[in-house]
Amino acid sequence: MGKIVTRREFIITGATGLAAIYGISACTKSDSPSSISESVKVEAIDPPAGEDFKDPPEMLNLSANAGVVEVALEAKTAKVMINGVNADLMTYNGHFPQQTIRVRRGDKLSVNFKNSLPLTTDKNILGYTKNITNIHTHGWHVSPSGKSDNVFLHINPGEEFLYEYDLSKQEAGTLNFLHSHGHGLVTEQMWGGLAGCALVVADEIDGLSGFENHIISLHDIDLAGTNPAPYTLEDYMNGKEGNIVMVNGQINPVLPINPGQVQRWRVVNASTARFYKLSLEKHTMYLIGTDGGLLDKPYPLSNILLTPGERVDLLIKADQGSGNYRFLSMPYDRGGNVPQTITLMTASYRGNAVKDEIPATINPHAKKLNVDTAALRRSQIALSMGVNKGFINNKSFGDDPFVHTSKVGTFELWEIQNFSGMDHPFHQHVNPAQIIFMKGGEKEYASLYSSIPAWKDTINVPKGGSITMLVPIRDFSGRTVFHCHIIEHGDLGMMAVWDIVK
Ligand SMILES: [Cu+2]
């Protein structure tokens with residue numbers, strides 16, 4: 001049975017060859033009793049500086065009409081060069097990383113979706129028929145019903161479906177992402193290359209447009225030959241982490257920055273399970289936006305934890321001496337993983353000095369909700385793990401889902417409790433929330449998100465701890481879900497139905 005491996009027992013099999021290509025350092029022979037001879041523990045992933053940084057490609061808008069964006073999105077297998085291997089990945093439109101879709105608040109977005117993944121009767125290790133899929137617009141405040149952000153749809157191989165999204169209620173200035181959401185199948189599809197399209201809703205404030213702007217999509221994978229490494233039940237329990245860690249599909253790309261320049265880095269964690277504790281050597285990072293929108297002002301940070309599904313909008317100022325500085329993921333013990341130091345990217349000072357400044361204010365409309373919470377409905381949402389199962393309030397989604405019913409136009413307080421030895425990033429669809437209180441975990445993360453006027457659709461619930469959040473239920477009725485965004489845990493059943501009624 002899939003016991004949870006501790007960090008000391010965690011083994012990377014067959015990584016000896018990988019280390020040579022990929023620059024993994026500080027490898028040691030495993031002393032674990034369950035080790036096999038060529039097993040190594042990986043404490044640091046520090047590949048040499050690679051090619052110049054590339055933003056993800058842009059999606060073509062097929063509509064000529066103002067206020068309408070129309071795209072074609074085809075899920076299909078394609079050859080993609082990963083770490084020197086011509087790998088067979090699942091992609092949208094043959095791209096990895098996926099293309100960025102840009103819209104404005106108030107737009108109508110049509111997605112002509114086609115599932116061209118191979119038709120098969122094969123089932124995965126959890127018993128779900130492979131290659132059925134659908135799409136979810138992670139973080140968007142849009143209808144969860146009909147042809148909109150409806151995760152209960154199943155698009156079979158060979159089928160097409162026209163998704164339509166009305167963005168009249170969506171906040172401006174956000175980075176969200178589109179990924180598959182067919183229960184029991186999401187993990188292997190995201191791991192296997194369908195990591196997600198960045199969804200950018202244009203800013204409606206002045207002050208940021210002058211800065212050089214980049215999208216940074218974080219993804220990890222291991223390959224077995226040319227295929228994504230297969231899943232075991234143990235991988236589902238722990239959350240699988242790959243030792244090929246990529247920024248926009250590149251390994252340690254080099255991003256030039258002028259001395260004195262301010263750049264805007266919009267980072268999405270599109271990994272299934274890997275947590276990133278982001279830090280830029282010798283630099284302060286300024287947090288200006290979170291999952292659901294821009295903040296009132298920049299918040300200076302030396303590091304920020306980014307769990308799967310979370311996004312951060314950062315300003316970086318090149319205010320150090322000329323040189324190269326690594327954008328790192330620092331070790332973090334989420335339970336079930338090996339804490340590692342990873343070089344994600346290298347910022348390289350180049351060119352003429354410029355005189356950019358970090359703005360004093362960002363979004364004057366950002367504020368903490370002023371609601372009397374004493375009178376609100378309070379709900380307890382308990383996250384737990386069993387043998388090859390995940391649970392919300394003791395119910396596993398694939399068997400008999402827990403159903404939480406809410407009413408449009410109300411506010412609720414949710415206390416999300418984590419009764420397991422692993423952190424679980426909690427993601428609710430459709431309605432972003434504000435964090436009131438956080439118990440356990442890292443103090444910096446807790447104090448940051450419980451104090452700033454941040455909208456969150458994904459928040460880490462630390463092992464043995466809890467989160468209390470204020471959830472406005474706005475605009476849309478229909479059935480949707482909330483779940484753990486360690487995608488493996490969602491597929492194991494740590495997901496519940498959220499039935500929003502008028
Ligand atoms: Cu989880």
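Visitor: How do you know that Lys456 lies over the face of Tyr449?

Guide: Lys456 is 4.2 Å from the ring centre of Tyr449. A charge sits over a ring if NZ of Lys or CZ of Arg is within 6 Å of the ring centre and within 35 degrees of the ring normal, so the 4.2 Å falls within the distance limit. Lys240 also lies over a ring face, that of Tyr231, at 5.2 Å from the ring centre.

Visitor: What kind of model is this, and which cut-offs apply?

Guide: The model is predicted: local features need pLDDT of at least 70, side-chain atom pairs count only at pLDDT 80 or more, and totals for chains, interfaces and linings use all residues. Residues are numbered from 1 along each chain as its sequence is written, and side-chain values use heavy atoms, with hydrogens and water left out.

Visitor: What makes S5 and S8 a strand pair?

Guide: Eight bridges join S5 (residues 68–82) to S8 (residues 108–115). DSSP must find at least two bridges between two strands, so S5 and S8 count as paired. They run parallel, and Ala75 stands opposite Asn115 in S8. The strands themselves are DSSP runs (E, at least two residues; helices are H or I, at least four), numbered from the N terminus.

Visitor: How many bridges join S8 to S10, and in which sense?

Guide: Seven, in the antiparallel sense, with S10 covering residues 160–166. Ser110 has Glu164 in S10 as its bridge partner.

Visitor: Why is the pair Phe113 and Tyr163 called edge-to-face?

Guide: The whole structure holds 15 aromatic pairs. In this one, the centres are 6.2 Å apart and the planes are at 75 degrees. Rings of Phe, Tyr and Trp (its six-membered ring) pair if their centres lie within 6.5 Å; planes under 30 degrees apart count as stacked, over 60 as edge-to-face and the rest as tilted. The 75 degrees is over 60, so the pair is edge-to-face. It links distant parts of the chain, Phe113 in S8 and Tyr163 in S10, 50 residues apart.

Visitor: Are Phe113 and Tyr163 buried or exposed?

Guide: Phe113 is buried at a relative accessible area of 1%. Tyr163 is buried at 0%. Buried means under 20% relative accessible area, exposed over 50%, partly exposed in between (1.4 Å probe, protein chains only).

Visitor: Why are S16 and S21 edge strands?

Guide: Six strands form an open sheet of mixed pairing, in the order S16-S13-S18-S23-S20-S21. S16 (244–247) and S21 (293–301) each have a single partner strand, so one side of each lacks a neighbour in the sheet.

Visitor: How do you know that Asn418 is buried?

Guide: Its relative accessibility is 2%, which counts as buried. Asn418 lies in S29 (residues 410–418). Its side chain reaches the backbone oxygen of Met422 at 2.7 Å. Asn418 also touches residues including Leu383, His424 and Val461, where contact means heavy atoms within 4.5 Å.

Key: Polar contact = N/O pair within 3.5 Å; in protein donor to acceptor, adjacent residues only side chain to side chain. Lists of a residue's contacts leave out its neighbours within four places in sequence.
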